[in-house]
Amino acid sequence: MTKLIECRHLSCAYGNTIVVKDVDLTITSGEFVGVVGPSGSGKTTLLKAILKAIAPSHGHIDHSPGLRLAYVPQVETVDWNFPVTVTEVVVMTQSQGRWWPRITNAERAATEQVLERLGLGGLGNRHIRELSGGQQQRVFIARALFHQPDLLVLDEPTSGVDVRTRHDLMHLLAELNEGGMSILLTTHDLNGLAAHLPRLVCLNTTVIADGAPNEVLTSSVLEQTYGAPMEVLIHGGMPVVLEHGADEISRRLSRRSAS
Amino acid sequence: MILLGLDLFEPYHFAFFRNGVLVATIAGALCGVLGVFVVLRGMSYIGHGLSHAVFGGAAASAVMGLNYFVGAGVWGVWSGVLIGRIARRRIIGADAAIGVVTTASFALGLALLNRYGQAKKSIEAVLFGSVLGVKTSDIIAVTVVTVVVVIIVVMAYRKMVFATFDPDVAEVTGVQVQWVEALLMVMLSLTILVTMRVIGTLLISALLVIPASVSRMTTNSIARMLWVSPIVGAASGFIGMNMAYHLDTSVSATIILVAAAMFAVVYGATGVRGRVRISALHHV
(Lines give C-alpha, C1' and ligand atoms only; values in the text may rest on other atoms or scores of the structure.)
Protein backbone atom coordinates (compact mmCIF):
# COMPACT_ATOMS: atom_id res chain seq x y z
CA MET A 1 0.00 0.00 0.00
CA THR A 2 1.54 3.30 -1.01
CA LYS A 3 0.96 6.42 1.04
CA LEU A 4 -0.89 9.03 -1.02
CA ILE A 5 -1.13 11.75 1.61
CA GLU A 6 0.69 12.18 4.86
CA CYS A 7 -0.07 15.03 7.28
CA ARG A 8 2.28 15.46 10.23
CA HIS A 9 1.45 17.82 13.09
CA LEU A 10 -0.65 19.84 10.66
CA SER A 11 -2.10 23.12 11.96
CA CYS A 12 -3.97 25.77 9.99
CA ALA A 13 -5.01 29.24 11.11
CA TYR A 14 -6.88 32.20 9.72
CA GLY A 15 -5.14 35.14 11.33
CA ASN A 16 -4.96 34.33 15.02
CA THR A 17 -7.77 31.78 14.98
CA ILE A 18 -6.51 28.21 14.90
CA VAL A 19 -8.94 26.13 12.85
CA VAL A 20 -7.03 22.87 12.57
CA LYS A 21 -4.54 21.81 15.23
CA ASP A 22 -1.84 19.16 15.27
CA VAL A 23 -3.46 16.69 12.87
CA ASP A 24 -1.66 13.49 11.94
CA LEU A 25 -3.37 11.73 9.07
CA THR A 26 -2.21 9.24 6.48
CA ILE A 27 -4.21 8.11 3.50
CA THR A 28 -3.02 5.11 1.56
CA SER A 29 -4.07 4.03 -1.91
CA GLY A 30 -7.41 2.27 -2.17
CA GLU A 31 -8.79 3.77 1.05
CA PHE A 32 -12.21 5.35 1.49
CA VAL A 33 -12.04 7.86 4.34
CA GLY A 34 -14.75 10.10 5.77
CA VAL A 35 -14.03 13.13 7.95
CA VAL A 36 -16.91 13.93 10.33
CA GLY A 37 -17.41 16.78 12.72
CA PRO A 38 -19.74 19.69 13.48
CA SER A 39 -19.90 22.91 11.46
CA GLY A 40 -16.81 24.97 12.10
CA SER A 41 -14.75 21.95 13.19
CA GLY A 42 -12.18 22.57 10.44
CA LYS A 43 -13.29 19.85 7.98
CA THR A 44 -13.19 22.03 4.88
CA THR A 45 -9.98 23.72 6.02
CA LEU A 46 -8.34 20.32 6.48
CA LEU A 47 -9.42 19.32 2.96
CA LYS A 48 -8.06 22.55 1.50
CA ALA A 49 -4.78 22.05 3.31
CA ILE A 50 -4.56 18.48 2.01
CA LEU A 51 -5.26 19.82 -1.49
CA LYS A 52 -2.55 22.43 -0.89
CA ALA A 53 -5.02 25.22 -1.61
CA ILE A 54 -4.06 26.83 1.69
CA ALA A 55 -0.69 26.76 3.42
CA PRO A 56 -0.45 25.21 6.90
CA SER A 57 0.66 27.41 9.78
CA HIS A 58 2.61 24.49 11.26
CA GLY A 59 3.50 20.97 10.23
CA HIS A 60 3.81 19.28 6.86
CA ILE A 61 1.70 17.70 4.17
CA ASP A 62 3.36 15.28 1.82
CA HIS A 63 1.84 14.10 -1.43
CA SER A 64 3.17 10.96 -3.07
CA PRO A 65 5.16 11.87 -6.21
CA GLY A 66 2.92 12.56 -9.23
CA LEU A 67 -0.28 12.30 -7.18
CA ARG A 68 -3.35 13.38 -9.18
CA LEU A 69 -6.07 14.93 -7.07
CA ALA A 70 -9.57 15.92 -8.09
CA TYR A 71 -11.87 17.99 -5.94
CA VAL A 72 -15.67 18.06 -5.96
CA PRO A 73 -16.93 21.25 -4.26
CA GLN A 74 -20.15 21.56 -2.27
CA VAL A 75 -23.06 22.04 -4.66
CA GLU A 76 -24.17 25.10 -2.71
CA THR A 77 -20.96 26.92 -3.62
CA VAL A 78 -21.42 26.56 -7.39
CA ASP A 79 -22.68 29.50 -9.45
CA TRP A 80 -25.46 27.70 -11.36
CA ASN A 81 -26.16 30.75 -13.52
CA PHE A 82 -22.69 30.74 -15.01
CA PRO A 83 -22.97 30.34 -18.79
CA VAL A 84 -21.45 26.87 -19.29
CA THR A 85 -22.83 23.62 -20.64
CA VAL A 86 -22.27 20.22 -19.04
CA THR A 87 -19.56 19.29 -21.57
CA GLU A 88 -17.78 22.61 -21.02
CA VAL A 89 -17.68 21.96 -17.27
CA VAL A 90 -16.30 18.45 -17.71
CA VAL A 91 -13.42 19.43 -20.05
CA MET A 92 -12.53 22.52 -18.01
CA THR A 93 -9.73 20.73 -16.16
CA GLN A 94 -7.88 19.93 -19.39
CA SER A 95 -6.10 23.21 -19.94
CA GLN A 96 -2.44 22.32 -20.22
CA GLY A 97 -0.56 22.96 -23.43
CA ARG A 98 -3.55 24.04 -25.51
CA TRP A 99 -3.30 26.59 -28.30
CA TRP A 100 -6.88 26.54 -29.49
CA PRO A 101 -9.58 26.07 -26.86
CA ARG A 102 -12.13 24.25 -29.01
CA ILE A 103 -13.31 20.93 -27.58
CA THR A 104 -11.69 18.20 -29.67
CA ASN A 105 -13.55 15.18 -31.00
CA ALA A 106 -11.50 12.93 -28.74
CA GLU A 107 -12.47 15.03 -25.71
CA ARG A 108 -16.09 14.99 -26.76
CA ALA A 109 -16.04 11.20 -27.00
CA ALA A 110 -14.29 10.83 -23.64
CA THR A 111 -16.74 13.26 -22.03
CA GLU A 112 -19.70 11.36 -23.43
CA GLN A 113 -18.24 8.16 -21.98
CA VAL A 114 -17.86 9.65 -18.49
CA LEU A 115 -21.34 11.20 -18.63
CA GLU A 116 -22.81 7.89 -19.77
CA ARG A 117 -21.15 6.11 -16.86
CA LEU A 118 -22.69 8.57 -14.40
CA GLY A 119 -26.15 8.35 -15.94
CA LEU A 120 -25.90 11.72 -17.63
CA GLY A 121 -25.78 10.44 -21.23
CA GLY A 122 -27.13 12.86 -23.84
CA LEU A 123 -27.10 15.85 -21.46
CA GLY A 124 -23.75 17.25 -22.67
CA ASN A 125 -25.22 20.29 -24.39
CA ARG A 126 -27.53 21.29 -21.55
CA HIS A 127 -26.84 24.37 -19.48
CA ILE A 128 -25.92 23.34 -15.91
CA ARG A 129 -29.00 25.04 -14.49
CA GLU A 130 -31.31 22.88 -16.55
CA LEU A 131 -30.45 19.74 -14.56
CA SER A 132 -31.98 18.18 -11.47
CA GLY A 133 -30.13 18.41 -8.13
CA GLY A 134 -28.71 14.90 -8.38
CA GLN A 135 -27.63 15.41 -11.98
CA GLN A 136 -25.94 18.69 -11.08
CA GLN A 137 -23.82 17.00 -8.48
CA ARG A 138 -22.85 14.18 -10.81
CA VAL A 139 -21.63 16.73 -13.38
CA PHE A 140 -18.97 17.80 -10.90
CA ILE A 141 -18.06 14.21 -10.13
CA ALA A 142 -17.81 13.67 -13.90
CA ARG A 143 -15.42 16.61 -14.14
CA ALA A 144 -13.32 15.13 -11.34
CA LEU A 145 -13.24 11.67 -12.96
CA PHE A 146 -12.34 13.18 -16.34
CA HIS A 147 -9.16 14.40 -14.66
CA GLN A 148 -8.37 10.71 -13.88
CA PRO A 149 -7.39 11.24 -10.25
CA ASP A 150 -5.65 8.86 -7.85
CA LEU A 151 -7.52 10.46 -4.97
CA LEU A 152 -11.04 11.87 -5.27
CA VAL A 153 -11.83 14.52 -2.65
CA LEU A 154 -15.44 15.56 -1.97
CA ASP A 155 -16.64 18.31 0.37
CA GLU A 156 -20.03 17.53 1.94
CA PRO A 157 -21.31 15.55 -1.05
CA THR A 158 -24.66 14.81 0.58
CA SER A 159 -25.50 18.25 1.93
CA GLY A 160 -28.57 19.67 0.28
CA VAL A 161 -29.47 16.52 -1.68
CA ASP A 162 -32.50 14.28 -1.23
CA VAL A 163 -32.47 10.71 0.11
CA ARG A 164 -32.60 9.11 -3.33
CA THR A 165 -29.67 11.16 -4.61
CA ARG A 166 -27.69 10.32 -1.49
CA HIS A 167 -28.34 6.64 -2.02
CA ASP A 168 -27.28 6.78 -5.67
CA LEU A 169 -24.20 8.76 -4.73
CA MET A 170 -23.16 6.20 -2.12
CA HIS A 171 -23.47 3.42 -4.72
CA LEU A 172 -21.44 5.39 -7.21
CA LEU A 173 -18.65 6.14 -4.73
CA ALA A 174 -18.56 2.53 -3.53
CA GLU A 175 -18.28 1.37 -7.13
CA LEU A 176 -15.43 3.80 -7.83
CA ASN A 177 -13.64 2.69 -4.68
CA GLU A 178 -14.03 -0.96 -5.65
CA GLY A 179 -12.49 -0.02 -8.99
CA GLY A 180 -9.37 1.06 -7.09
CA MET A 181 -9.94 4.80 -6.64
CA SER A 182 -9.06 6.30 -3.26
CA ILE A 183 -11.70 8.62 -1.82
CA LEU A 184 -11.66 11.25 0.90
CA LEU A 185 -14.82 13.11 1.85
CA THR A 186 -16.24 15.29 4.59
CA THR A 187 -19.76 14.90 5.91
CA HIS A 188 -21.94 15.77 8.85
CA ASP A 189 -24.39 13.05 7.89
CA LEU A 190 -23.51 10.37 10.47
CA ASN A 191 -26.20 7.79 9.79
CA GLY A 192 -26.86 8.36 6.10
CA LEU A 193 -23.26 8.37 5.00
CA ALA A 194 -20.51 8.13 7.62
CA ALA A 195 -21.68 4.87 9.23
CA HIS A 196 -21.33 3.09 5.85
CA LEU A 197 -17.69 4.03 5.28
CA PRO A 198 -14.77 1.75 6.14
CA ARG A 199 -12.80 4.46 7.96
CA LEU A 200 -13.85 7.59 9.80
CA VAL A 201 -11.87 10.49 11.21
CA CYS A 202 -13.71 12.48 13.90
CA LEU A 203 -12.50 16.05 13.80
CA ASN A 204 -13.07 18.96 16.09
CA THR A 205 -10.10 21.23 15.42
CA THR A 206 -7.93 18.22 16.20
CA VAL A 207 -8.45 14.50 15.53
CA ILE A 208 -10.62 13.00 18.29
CA ALA A 209 -10.72 9.47 16.88
CA ASP A 210 -9.68 7.61 13.72
CA GLY A 211 -10.87 4.13 12.79
CA ALA A 212 -13.78 1.95 11.64
CA PRO A 213 -17.33 3.25 12.41
CA ASN A 214 -17.81 0.53 15.03
CA GLU A 215 -14.77 1.79 16.88
CA VAL A 216 -15.21 5.55 16.59
CA LEU A 217 -18.98 6.03 16.63
CA THR A 218 -19.30 5.77 20.38
CA SER A 219 -21.05 8.06 22.85
CA SER A 220 -17.85 9.37 24.35
CA VAL A 221 -16.10 10.10 21.02
CA LEU A 222 -19.21 11.78 19.61
CA GLU A 223 -19.69 13.85 22.72
CA GLN A 224 -16.09 15.06 22.44
CA THR A 225 -16.50 15.74 18.73
CA TYR A 226 -19.88 17.44 18.77
CA GLY A 227 -19.92 18.81 22.31
CA ALA A 228 -23.41 17.38 22.82
CA PRO A 229 -24.57 14.12 24.38
CA MET A 230 -25.35 11.41 21.83
CA GLU A 231 -26.51 7.85 22.12
CA VAL A 232 -25.33 5.06 19.81
CA LEU A 233 -27.44 1.98 19.07
CA ILE A 234 -26.35 -1.01 17.07
CA HIS A 235 -28.84 -1.88 14.36
CA GLY A 236 -28.11 -4.79 12.01
CA GLY A 237 -24.44 -4.70 13.03
CA MET A 238 -24.15 -0.98 12.21
CA PRO A 239 -23.97 1.92 14.63
CA VAL A 240 -26.93 4.32 14.59
CA VAL A 241 -26.44 7.68 16.26
CA LEU A 242 -29.31 9.22 18.21
CA GLU A 243 -29.31 12.76 19.45
CA HIS A 244 -30.01 13.07 23.11
CA GLY A 245 -32.87 15.35 23.91
CA ALA A 246 -34.68 14.82 20.60
CA ASP A 247 -37.46 12.89 22.38
CA GLU A 248 -37.75 15.68 24.93
CA ILE A 249 -38.27 18.27 22.17
CA SER A 250 -40.96 16.21 20.45
CA ARG A 251 -42.73 15.72 23.81
CA ARG A 252 -42.76 19.46 24.39
CA LEU A 253 -44.03 20.22 20.90
CA SER A 254 -46.79 17.59 21.03
CA ARG A 255 -47.91 18.90 24.41
CA ARG A 256 -48.17 22.40 22.89
CA SER A 257 -50.27 21.23 19.94
CA ALA A 258 -52.53 19.24 22.26
CA SER A 259 -53.27 22.19 24.52
CA MET B 1 -24.90 56.66 -50.52
CA ILE B 2 -27.77 58.99 -49.69
CA LEU B 3 -30.24 57.99 -47.00
CA LEU B 4 -32.99 60.29 -45.67
CA GLY B 5 -31.18 63.23 -47.20
CA LEU B 6 -27.89 62.33 -45.51
CA ASP B 7 -24.76 61.49 -47.42
CA LEU B 8 -23.57 58.52 -45.36
CA PHE B 9 -20.12 58.60 -46.92
CA GLU B 10 -19.59 62.32 -46.45
CA PRO B 11 -17.67 62.08 -43.13
CA TYR B 12 -15.30 59.53 -44.65
CA HIS B 13 -13.73 62.35 -46.68
CA PHE B 14 -12.09 63.45 -43.45
CA ALA B 15 -9.02 61.63 -42.19
CA PHE B 16 -9.92 62.33 -38.54
CA PHE B 17 -13.26 60.59 -39.01
CA ARG B 18 -11.77 57.56 -40.74
CA ASN B 19 -9.30 57.22 -37.88
CA GLY B 20 -12.06 57.75 -35.33
CA VAL B 21 -14.33 55.10 -36.85
CA LEU B 22 -11.49 52.61 -36.95
CA VAL B 23 -10.50 53.20 -33.33
CA ALA B 24 -14.12 53.23 -32.08
CA THR B 25 -14.91 49.94 -33.85
CA ILE B 26 -11.79 48.15 -32.63
CA ALA B 27 -12.24 49.62 -29.14
CA GLY B 28 -15.83 48.35 -29.06
CA ALA B 29 -14.71 44.85 -30.00
CA LEU B 30 -11.89 44.90 -27.45
CA CYS B 31 -14.15 46.07 -24.62
CA GLY B 32 -16.65 43.44 -25.74
CA VAL B 33 -14.15 40.59 -25.28
CA LEU B 34 -12.93 41.65 -21.84
CA GLY B 35 -16.41 42.75 -20.80
CA VAL B 36 -17.48 39.09 -20.80
CA PHE B 37 -15.05 38.37 -17.97
CA VAL B 38 -15.84 41.68 -16.28
CA VAL B 39 -19.57 40.96 -15.99
CA LEU B 40 -19.20 37.26 -15.16
CA ARG B 41 -16.75 38.01 -12.37
CA GLY B 42 -18.89 40.85 -11.06
CA MET B 43 -16.14 43.36 -11.73
CA SER B 44 -18.19 46.18 -13.27
CA TYR B 45 -17.34 48.47 -10.41
CA ILE B 46 -13.66 47.64 -10.72
CA GLY B 47 -13.73 48.58 -14.43
CA HIS B 48 -15.41 51.83 -13.53
CA GLY B 49 -12.88 52.58 -10.78
CA LEU B 50 -9.92 51.63 -12.94
CA SER B 51 -10.87 54.12 -15.65
CA HIS B 52 -10.89 56.83 -13.00
CA ALA B 53 -7.50 55.74 -11.74
CA VAL B 54 -6.06 55.84 -15.26
CA PHE B 55 -7.32 59.42 -15.55
CA GLY B 56 -4.99 60.39 -12.71
CA GLY B 57 -2.08 58.78 -14.53
CA ALA B 58 -3.01 60.50 -17.79
CA ALA B 59 -3.10 63.90 -16.09
CA ALA B 60 0.16 63.33 -14.23
CA SER B 61 1.94 62.24 -17.40
CA ALA B 62 0.56 65.29 -19.28
CA VAL B 63 1.82 67.62 -16.58
CA MET B 64 5.23 65.99 -16.39
CA GLY B 65 5.53 65.98 -20.15
CA LEU B 66 5.70 62.18 -20.29
CA ASN B 67 4.33 60.15 -23.17
CA TYR B 68 0.66 59.36 -22.45
CA PHE B 69 0.98 55.62 -23.01
CA VAL B 70 4.05 55.35 -20.80
CA GLY B 71 2.79 57.54 -17.94
CA ALA B 72 -0.84 56.51 -17.81
CA GLY B 73 0.12 52.95 -18.74
CA VAL B 74 2.43 52.42 -15.78
CA TRP B 75 -0.06 54.14 -13.45
CA GLY B 76 -3.02 52.21 -14.84
CA VAL B 77 -1.42 48.77 -14.75
CA TRP B 78 -0.11 49.41 -11.25
CA SER B 79 -3.55 50.50 -10.01
CA GLY B 80 -5.12 47.53 -11.77
CA VAL B 81 -2.88 45.03 -10.03
CA LEU B 82 -3.37 46.83 -6.70
CA ILE B 83 -7.16 46.83 -7.07
CA GLY B 84 -7.04 43.16 -8.03
CA ARG B 85 -5.14 42.37 -4.86
CA ILE B 86 -7.52 44.36 -2.67
CA ALA B 87 -10.51 42.68 -4.29
CA ARG B 88 -8.97 39.23 -4.02
CA ARG B 89 -8.46 39.42 -0.28
CA ARG B 90 -12.18 40.01 0.13
CA ILE B 91 -11.58 41.86 3.34
CA ILE B 92 -14.43 43.90 4.70
CA GLY B 93 -14.42 47.27 3.06
CA ALA B 94 -12.64 46.15 -0.14
CA ASP B 95 -15.17 48.12 -2.18
CA ALA B 96 -14.57 51.18 -0.03
CA ALA B 97 -10.80 50.81 -0.41
CA ILE B 98 -11.14 50.56 -4.19
CA GLY B 99 -13.43 53.60 -4.14
CA VAL B 100 -10.95 55.64 -2.13
CA VAL B 101 -7.91 54.69 -4.24
CA THR B 102 -9.56 55.33 -7.59
CA THR B 103 -11.47 58.50 -6.77
CA ALA B 104 -8.39 59.94 -5.08
CA SER B 105 -6.41 59.22 -8.25
CA PHE B 106 -9.18 60.86 -10.28
CA ALA B 107 -9.23 63.93 -8.02
CA LEU B 108 -5.46 64.22 -8.21
CA GLY B 109 -5.72 64.16 -12.00
CA LEU B 110 -8.31 66.95 -11.98
CA ALA B 111 -6.27 69.07 -9.56
CA LEU B 112 -3.07 68.61 -11.58
CA LEU B 113 -4.79 69.64 -14.79
CA ASN B 114 -6.40 72.65 -13.09
CA ARG B 115 -3.10 73.79 -11.73
CA TYR B 116 -0.70 73.02 -14.55
CA GLY B 117 -2.58 71.97 -17.67
CA GLN B 118 -4.47 73.82 -20.36
CA ALA B 119 -7.17 72.83 -18.00
CA LYS B 120 -10.58 72.93 -19.60
CA LYS B 121 -9.80 71.50 -23.00
CA SER B 122 -7.75 68.55 -21.89
CA ILE B 123 -10.02 67.69 -18.97
CA GLU B 124 -13.02 67.47 -21.26
CA ALA B 125 -11.06 65.41 -23.75
CA VAL B 126 -10.11 62.87 -21.09
CA LEU B 127 -13.51 62.75 -19.42
CA PHE B 128 -15.61 62.44 -22.54
CA GLY B 129 -13.11 61.32 -25.13
CA SER B 130 -12.11 63.23 -28.22
CA VAL B 131 -12.32 61.94 -31.74
CA LEU B 132 -10.32 64.88 -33.02
CA GLY B 133 -7.44 63.85 -30.83
CA VAL B 134 -7.10 60.39 -32.39
CA LYS B 135 -3.65 59.97 -33.86
CA THR B 136 -1.96 57.16 -35.77
CA SER B 137 -0.29 56.13 -32.53
CA ASP B 138 -3.76 55.56 -31.00
CA ILE B 139 -4.75 53.30 -33.89
CA ILE B 140 -1.55 51.32 -33.50
CA ALA B 141 -1.95 51.11 -29.71
CA VAL B 142 -5.55 49.90 -29.76
CA THR B 143 -4.75 47.39 -32.52
CA VAL B 144 -1.72 46.00 -30.69
CA VAL B 145 -3.64 45.65 -27.41
CA THR B 146 -6.56 43.99 -29.21
CA VAL B 147 -4.29 41.46 -30.93
CA VAL B 148 -2.48 40.70 -27.66
CA VAL B 149 -5.75 40.35 -25.71
CA VAL B 150 -7.28 38.06 -28.36
CA ILE B 151 -4.17 35.85 -28.38
CA ILE B 152 -4.14 35.63 -24.57
CA VAL B 153 -7.87 34.94 -24.31
CA VAL B 154 -7.67 32.20 -26.95
CA MET B 155 -4.59 30.56 -25.46
CA ALA B 156 -5.62 30.85 -21.82
CA TYR B 157 -9.35 30.40 -22.50
CA ARG B 158 -9.93 27.29 -20.41
CA LYS B 159 -7.82 28.54 -17.54
CA MET B 160 -9.63 31.87 -17.54
CA VAL B 161 -13.04 30.23 -17.66
CA PHE B 162 -12.09 27.75 -14.93
CA ALA B 163 -10.65 30.48 -12.68
CA THR B 164 -13.77 32.59 -13.19
CA PHE B 165 -16.31 29.82 -12.67
CA ASP B 166 -14.70 27.86 -9.89
CA PRO B 167 -11.49 29.44 -8.52
CA ASP B 168 -11.02 27.00 -5.61
CA VAL B 169 -11.18 23.89 -7.75
CA ALA B 170 -9.11 25.53 -10.50
CA GLU B 171 -6.37 26.23 -7.97
CA VAL B 172 -6.39 22.62 -6.79
CA THR B 173 -6.30 21.35 -10.37
CA GLY B 174 -3.14 23.32 -11.09
CA VAL B 175 -4.41 26.61 -12.55
CA GLN B 176 -2.53 29.53 -11.06
CA VAL B 177 -5.63 31.54 -10.28
CA GLN B 178 -3.71 34.47 -8.86
CA TRP B 179 -1.77 34.86 -12.10
CA VAL B 180 -4.87 34.54 -14.22
CA GLU B 181 -6.52 37.30 -12.19
CA ALA B 182 -3.45 39.54 -12.39
CA LEU B 183 -3.30 38.97 -16.15
CA LEU B 184 -6.94 39.96 -16.46
CA MET B 185 -6.37 43.16 -14.49
CA VAL B 186 -3.36 44.06 -16.66
CA MET B 187 -5.38 43.44 -19.84
CA LEU B 188 -8.24 45.52 -18.43
CA SER B 189 -5.91 48.40 -17.54
CA LEU B 190 -4.33 48.36 -21.00
CA THR B 191 -7.76 48.25 -22.63
CA ILE B 192 -8.92 51.26 -20.67
CA LEU B 193 -5.68 53.03 -21.47
CA VAL B 194 -5.97 52.67 -25.25
CA THR B 195 -9.72 53.23 -25.56
CA MET B 196 -9.97 56.15 -23.15
CA ARG B 197 -8.95 58.75 -25.73
CA VAL B 198 -12.04 58.01 -27.82
CA ILE B 199 -14.62 56.92 -25.26
CA GLY B 200 -13.45 58.96 -22.29
CA THR B 201 -13.13 58.07 -18.64
CA LEU B 202 -16.73 58.46 -17.65
CA LEU B 203 -18.40 56.18 -20.15
CA ILE B 204 -15.85 53.44 -20.68
CA SER B 205 -17.25 51.10 -18.07
CA ALA B 206 -20.55 51.11 -19.95
CA LEU B 207 -18.78 49.75 -23.01
CA LEU B 208 -17.35 46.99 -20.84
CA VAL B 209 -20.72 46.07 -19.34
CA ILE B 210 -23.40 46.59 -22.02
CA PRO B 211 -22.15 44.40 -24.93
CA ALA B 212 -21.33 41.57 -22.53
CA SER B 213 -24.76 41.80 -20.90
CA VAL B 214 -26.43 41.79 -24.32
CA SER B 215 -24.47 38.65 -25.25
CA ARG B 216 -25.40 37.00 -21.94
CA MET B 217 -29.09 37.44 -22.73
CA THR B 218 -28.68 35.71 -26.09
CA THR B 219 -26.82 32.58 -24.95
CA ASN B 220 -26.04 30.21 -22.11
CA SER B 221 -22.51 29.48 -23.31
CA ILE B 222 -19.48 31.59 -22.44
CA ALA B 223 -17.82 30.50 -25.68
CA ARG B 224 -20.68 32.01 -27.70
CA MET B 225 -20.69 35.12 -25.48
CA LEU B 226 -17.10 35.70 -26.51
CA TRP B 227 -18.24 35.86 -30.15
CA VAL B 228 -21.41 37.88 -29.68
CA SER B 229 -20.10 40.48 -27.23
CA PRO B 230 -17.27 41.89 -29.40
CA ILE B 231 -19.63 42.02 -32.40
CA VAL B 232 -22.12 44.06 -30.35
CA GLY B 233 -19.29 46.28 -29.06
CA ALA B 234 -17.82 46.85 -32.54
CA ALA B 235 -21.26 47.58 -34.01
CA SER B 236 -21.94 50.10 -31.23
CA GLY B 237 -18.63 51.83 -31.91
CA PHE B 238 -19.16 51.92 -35.67
CA ILE B 239 -22.81 52.96 -35.69
CA GLY B 240 -22.36 55.37 -32.78
CA MET B 241 -19.47 57.12 -34.48
CA ASN B 242 -21.42 57.60 -37.72
CA MET B 243 -24.55 58.79 -35.93
CA ALA B 244 -22.57 61.22 -33.82
CA TYR B 245 -21.31 62.92 -36.98
CA HIS B 246 -24.75 63.33 -38.52
CA LEU B 247 -26.56 64.24 -35.31
CA ASP B 248 -23.72 66.43 -34.10
CA THR B 249 -23.68 64.76 -30.70
CA SER B 250 -20.85 63.60 -28.42
CA VAL B 251 -19.13 60.53 -29.83
CA SER B 252 -18.86 58.62 -26.56
CA ALA B 253 -22.43 59.40 -25.53
CA THR B 254 -23.76 58.29 -28.92
CA ILE B 255 -21.77 55.03 -28.84
CA ILE B 256 -23.13 54.20 -25.39
CA LEU B 257 -26.67 55.12 -26.44
CA VAL B 258 -26.42 52.80 -29.46
CA ALA B 259 -25.20 50.01 -27.18
CA ALA B 260 -28.00 50.75 -24.71
CA ALA B 261 -30.54 50.66 -27.55
CA MET B 262 -29.26 47.21 -28.56
CA PHE B 263 -29.59 46.14 -24.95
CA ALA B 264 -33.21 47.34 -24.89
CA VAL B 265 -34.05 45.53 -28.14
CA VAL B 266 -32.47 42.25 -27.02
CA TYR B 267 -34.02 42.61 -23.57
CA GLY B 268 -37.44 42.91 -25.20
CA ALA B 269 -36.83 40.18 -27.77
CA THR B 270 -35.48 37.51 -25.41
CA GLY B 271 -38.26 38.11 -22.90
CA VAL B 272 -38.27 36.31 -19.58
CA ARG B 273 -35.43 34.03 -20.61
CA GLY B 274 -33.04 36.93 -21.17
CA ARG B 275 -34.11 38.59 -17.95
CA VAL B 276 -33.42 35.44 -15.96
CA ARG B 277 -29.99 35.13 -17.54
CA ILE B 278 -28.83 38.65 -16.70
CA SER B 279 -30.46 38.68 -13.28
CA ALA B 280 -27.54 36.61 -12.04
CA LEU B 281 -24.89 39.09 -13.17
CA HIS B 282 -23.71 40.89 -10.10
CA HIS B 283 -22.22 44.30 -9.78
CA VAL B 284 -19.23 44.53 -7.46
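**View 1. Salt bridges between chain A and chain B.** Between chain A and chain B of this predicted model there are three salt bridges, a salt bridge being a side-chain nitrogen of Lys or Arg within 4 Å of a carboxyl oxygen of Asp or Glu. In one salt bridge, the side chain of Arg158(B) meets that of Glu107(A), with 2.8 Å from N to O. Residues are numbered from 1 along each chain as its sequence is written, and chains are lettered from A in the order in which they are written. Local features need pLDDT of at least 70 and side-chain atom pairs count only at pLDDT 80 or more, whereas totals for chains, interfaces and linings use all residues; side-chain values use heavy atoms, with hydrogens and water left out.

**View 2. A salt bridge within chain A.** Over all chains, the whole structure holds eleven salt bridges, and one pair that meets in this way is Glu156(A) with Lys43(A), at 3.6 Å from N to O. This pair links distant parts of the chain, 113 residues apart, since Glu156(A) lies in the loop between β6 (151–155) and α5 (163–178) of chain A, and Lys43(A) lies in helix α1 (residues 43–50) of chain A. Helices (H or I, at least four residues) and strands (E, at least two) are DSSP runs, numbered from the N terminus.

**View 3. Two packed helices of chain B.** Helix α10 (residues 204–218) of chain B packs with helix α12 (residues 251–279) of chain B at an angle of about 35 degrees, and their axes are 8 Å apart. Axes are lines fitted to C-alpha atoms, for helices over the stretch in contact, and angles run from 0 to 180 degrees between N-to-C directions. Residues of α10(B) including Leu207(B), Ile210(B) and Val214(B) meet residues of α12(B), among them Ile256(B), Phe263(B) and Tyr267(B).

Methods:
Contact = heavy atoms within 4.5 Å.
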